[in-house]
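Let's walk through this structure together, one place at a time. Keep the viewer open as you read.

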Amino acid sequence: MRIAVIDDNSQDRKAAITLAKEYFIQRKEYENIQIFFDEYHSGEDFLKSYIKGIYDILFLDIYMKSLTGIDIARQVSLADENCHIIFFTSSEEHYPESYEVHAKGYVTKPLKESSFAFCNAMDYVMKQLSLQFSGLTIFLNGSEVFCSFKEILYFEVNNRKLYFHLLEKTFEVSGKYLDYSQELLNDTRFLECYRNLIINMDYIQNYDEDNFLLKNNERLPISRRKKQMVLNQYMKYFLGKRIV
């Protein structure tokens, strides 16, 4: 895991790194994760070396000269939705703006007095990161292949054959529907919206009376018999994603 610490105050950068190290010591479930920290004294300095996908988390000061933390967050959130931002600031003035850039935390300075808020933000981020990297083993052409949950659009039975529809390809796999479906439905983002059809709710764009519209413009049917339960589960997930 790589974390960028962007703050024009060197003492605050050190305090942020100390808080993070203490957090990972306390959370034994993450003890095998290697953590790397990169420090930047300005937003401009950070953007010069920024590459999409390089950072899992940004610790970002709001009040900096020239480019503010909000400015940086807007650029990063547009480029990489999987990069998680936690703001550090001496004021709550920009709290509403933090929602605009999907920040996962808003921690006030001095940092050593805000460890509880920091740990709450990190717990949320680490849960999201664990979802990003989780997946299951599929059986493809006689071989076992790891398939990331975040790449799956939907899983279905069609003409008695099993198919995983991913972002850029579709795989016909061997095995039993029940085995795959149990693993998928244990993850909160998956929903059985129709008989033998499981959808990744992260890719739902909208819905109408009879179908879910995916972000790739495919339409998947909603079970008439279980319609209310399906829509309730989707709305619960949809609203939960927006609570920080």
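S181 touches F155 and I198, where contact means heavy atoms within 4.5 Å and residues up to four places away in sequence are not counted. This is a predicted model, in which local features need pLDDT of at least 70, side-chain atom pairs count only at pLDDT 80 or more, and totals for chains, interfaces and linings use all residues. Residues are numbered from 1 along each chain as its sequence is written, and side-chain values use heavy atoms, with hydrogens and water left out.

You will find S181 in helix α6, which covers residues 177-185; helices here are DSSP runs of H or I with at least four residues, strands are runs of E with at least two, and both are numbered from the N terminus. S181 counts as buried because its relative accessible area is 5%; the cut-offs are under 20% for buried, over 50% for exposed and in between for partly exposed, using a 1.4 Å probe and protein chains only. The S181 side chain also reaches the backbone oxygen of L178, at 3.0 Å.

Next, have a look at helix α7. This helix has 14 residues, 227-240, and reaches 20 Å from its first C-alpha to its last, close to the 20 Å expected at 1.5 Å a residue; that expected span is 1.5 Å times one less than the number of residues. Its buried residues are V230, L231, Y234 and Y237. They cover an arc of only 130° around the axis, so they sit on the same side of α7; the arc is taken from the directions from the helix axis to the C-beta atoms. An α-helix has 3.6 residues a turn, so residues three or four places apart point the same way. The buried residues of α7 pack against β11 (190-194), β13 (204-207) and β14 (211-214), while the face turned away from that buried side carries the exposed residues Q228 and K236.

From β14, follow the chain into the loop between β14 and β15 (219-221), where N216 is found. Why does N216 count as partly exposed? Its relative accessibility is 37%, which means that it falls in that class. The N216 side chain makes a polar contact with the side chain of E218 at 2.8 Å; such a contact is a pair of N or O atoms within 3.5 Å, and within protein one must be able to donate a hydrogen and the other to accept it, with residues adjacent in sequence counting only if both atoms are side-chain atoms. The C-alpha atoms of N216 and V173 are separated by 22 Å, and the two residues are 43 apart along the chain.
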